[in-house]
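Please open the model in your viewer and keep the selection panel at hand. We will take a short walk through it, one stop at a time.

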Amino acid sequence: MKHTLRFTFFVLLLVLAGLLANPVSAQDGQPPTDDDVNQVAKELYCPVCENVPLDVCATQACAQWRDLIRLKLSQGETESQIKQYFVENYGARVLNEPPREGLNWLAYLVPPVIILIGAGFLVRALRMMKKPVVAAPVKGPSVEAPADDYVARLEEEVKKQK
Amino acid sequence: MLAEFGYGVLVVTFLLALYSVGAAIFGYVNKSAALVESARRSMLLTFPLLTVAALSLILLLVRGDFNVQFVYEVTSRSMPTYLKITAWWGGQAGSLLFWSWLMSAFASAATLRKWDRDQEFLPWVIVVANVTLAFFLALNILFENPFARLYQTFDGNIAAYTFAPANSTPITPADGRGLNPLLRHPGMIIHPPMLYLGFVAYVIPFAFAIAALVTGRTDDRWIRVTRRWSLWAWLFLSFGLVLGGRWAYDVLGWGGYWGWDPVEIAAFMPWLTGTAFLHSVMIQEKRGMLKQWNMVLIILTYALVIFGTFLTRSGVLSSVHAFAQSAIGPSFFVFIGVTFVTSIGLLIHRWADLKAEAEMKSMLSREALFLLNNLLFMSVLVVSFWGVIFPLISELFTGQKVTVGPPFYERANSPLFAALMFLMAIAPLSAWGHSTVQTLGRAIWKPAIAAAAITVVTFFTYTQNWIALIGFFLVALVVLVTLYEFWRGARARQKTQGENFFSALAHLTGKNRRRYGGYIIHISMMLMAIGILGIELFQTETQGTIQVGESLRLQGYELVYRDIAQWDDRSTNVNYTRAVMEVYKNDQLVTKLHPRTDYYYEAQQNMTIPGVRSTMADDVYVLLVDWEPASAIGATFKLYINPLVNWLWVGSLLFLVGVIIAAWPEKDPERATVRATRSARQTSAAD
Amino acid sequence: MTETTETPARRGVPLWAQIVIWIGLLGLLLMVGVTLNKRQQGTVQPGDAIPDFTLPLFSGYEYAGKPEVKLSDFRGKVVVINFWASWCKPCEQEAAELQEAWALYEPTGQVIFLGADYVDTEPEARVYLQKYGITFPNGPDMGTRISQLFRIQGVPETYFVDKTGVLRYVQVGPFSSLGQIQAQIELLLAE
């Protein structure tokens, strides 16, 4: 009991530390570093260079976006607020994934559904293929002598290859 | 004159390809061996013709004939000759010609083989190969003529025309625009040809598959004939992908090698089906099962090759890799429609003939595991395909453009890849036809314990990241199981043949190249997996603007900025800005790195070349992001530490060895005997 | 290879599966085809009616004190919509000419210029507007909605809409002279 209490306290402390540290170095008055800016930019995409993350895109437009991120960080905005601003101004395509809303749910739901259907087909196919074999296989494996069986199999396969 | 000659040759080749298609079909229908032979010979003739056309283009490129639009667009006076030659595939029109040239080379090689046992396939292989060839040639002839010249028409506009328009004067610019600097890297010189080789080589197995469907000869003959083709195709495709990654790592300045860009995925998708195909054909050969499924896979592979080429070249997708928007889109679309509908129609028509010859005896048998492997590859395909296609759907139905980026693919694919690795570990231990939990368990417990031990050591010495630990456990398990298989096989031979261990090992591999080559490929994949795990999970980065004498610190490294210099290279028309950075680890000078930016005056384009120090433990990768000569702010550097990424490249070399072992031609004694018994069936075509 | 068993019935692809396959394939082709068609179309063409849109305006660049304008507010006027961005070099070539033209036509009250700022950041955009002394209503193209409406291929692009709301002329790339802008406007004013 005591143990769990201490653990909870520890977790709370961690959470608190995380909360305090999170709004990227804005509270302590330090100007945001390049790393703080890249941290946010990494997950954004600028329409001017499509499919290249903002932190590595070299165009002038992207450099301006990074400056804007720096400005907003220095004003104390959080990462999610900044992202929200970019979505409002430039559309959902600045995000590295479709936002989870409306039709976009299709993006996340269709692949698992198709994969599950595929798995269903596979199981069915295996069941159908695996009919009971009437006669016991002639050169069946003797479980007692796996090594010899292995050699036989190997040799047989080598022969088949020829 | 040379340009008109080249164009003329293209037109002749196109007509020849069409004739070949017609003659083959007519010959098949009327059972005329002479016509089929005529079709075969026309097909063989396309290769020398296209070689002549290609040589004309190369000559134009090397001579710097800037009156020709393509030459103007991709070369410039200052480029070295080898780059002028490789500029052949540096633009849309030239790379289409390159595609056609490779296609006809492969088709010719395929038709040169002895056809006595598969005479009925011949006409249809010719049809499929030549329809594809004719289509690509038509793109060159109608829309993207590499030989078109620049003319100024009476209204003052300058444009490229195949034939001189009325009242126009030819225009010859003083210098060309030069090849895109990004494409001047050695990796980029080889990467596209490798990919094209892979793409084109898959047309051959597809052609045989279609031939099998049309003729109704649905045994596994088509698979046996094209076995080596699909392996080589797979080799080229895989290597093309790896080279593309290396190029991105060295040139694009992302600090990485793979960005889940739609165009990258377009090349990755046929690789997925191709890999699934490589595995599942083994079941058909060994057990006579999965005939239908193999047809599906090869048709999918071809379709994805064509579809991927379409996506990258039509302007439907925009990406760093994509070609400029082009007029070839609609005709490409029609071609895709026709080939998809025809192949699927044929497959449905023959579906019932493709029934299995044997039955599955155990859910743990090797064939069942191979099926599971196929399911996983197809799942990765589904995720990738959907990710590429979804932005189109979203834009179409809601008008909202969206980006599907790395997190989407990584979240969905990582568990699938992990499952594939697990299969790689247990499948080699399972037997064809039957296996039980007991037999599998008996085989796997030793490697499993060893792998677990390695994981525990990794936990205490390297990382506590649980995803990484799962990954390393699977890597260790696969490598150990595979080595164990080598060892078991060699020991068995040692006992029965009385050889010493190493010659037993060599004979074992030599006698069963495909299996043991495949195992080497598995090991190489695991080495690559180490690199991927390293960069995905442990990459760190920092960026800073510093003065000379100051330093950046990351992961125990200190990089001191010592010097910077800027100069023009008049001969190549490039401006270089190069910084000198000293790398210290534990206060010991390790090496000096020279990150730089190259500015190409002709292309008005910057290139950021990283300074990289590579070891098996990690790469120190530093980029010169920004530096203004006039300002006193200092220079901005971006520093990445990429742990273990070198394993990726080492793995890819071993991979090459594995595929070559697996695909090396072996003597086929069966063929000689069968040829003797069937000599009566030989026709004039076999001469 | 040894255990060959004959399955009695020839089983083709069931009808429902065939239907699913063909619908899936056609759906895919249709979608790609429509997208391709859209990409090939280029910008909206003269003669097309432009759907109404709302352009929020930068403070200091409002129209008659309103923080946002609608295209439909300007029925009866000639509307010139200019897409630009502060990071766009070619835009700078025409910025002064556009402002000159605006200065010329603003007093007539028959012509309205709208600047739509494409994928740009506000601080930089303001620097640009000040640098070229631009005074006509300008605002961000929020969510790239307006540029998608016009299917712009890049910046700068300028669209001339006549008094009835029909697109009449599209200028792709910068104007080379004031006269070029005037010519188009005069043509539409004369109607």
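Helices (H or I, at least four residues) and strands (E, at least two) are DSSP runs, numbered from the N terminus. This is a predicted model, in which local features need pLDDT of at least 70, side-chain atom pairs count only at pLDDT 80 or more, and totals for chains, interfaces and linings use all residues. Residues are numbered from 1 along each chain as its sequence is written, chains are lettered from A in the order in which they are written, and side-chain values use heavy atoms, with hydrogens and water left out.

Start with D587(B), in the loop between β7 (574–585) and β8 (588–593) of chain B. Its phi is positive, about 65°, although D587(B) is not a glycine. D587(B) is exposed, at 68% relative accessible area (exposed means over 50%, with a 1.4 Å probe and protein chains only).

Next, select Q555(B), in the loop between β5 (551–554) and β6 (557–569) of chain B. Here too phi is positive, near 50°, and Q555(B) is exposed, at 51%.

Now show chains B and C together. In contact (heavy atoms within 4.5 Å) are 27 residues of chain C and 37 residues of chain B. Zoom in on E395(B) and K38(C): their side chains meet in a salt bridge, 3.5 Å from N to O (a side-chain nitrogen of Lys or Arg within 4 Å of a carboxyl oxygen of Asp or Glu). Helix α1 (residues 15–41) of chain C gives the most to the side of chain C that touches chain B, with 15 residues.

Last stop: P156(C), in the loop between α4 (145–150) and β6 (157–161) of chain C. The peptide bond leading from V155(C) to P156(C) is cis, with omega near -5°.

Key: Buried means under 20% relative accessible area, exposed over 50%, partly exposed in between (1.4 Å probe, protein chains only).
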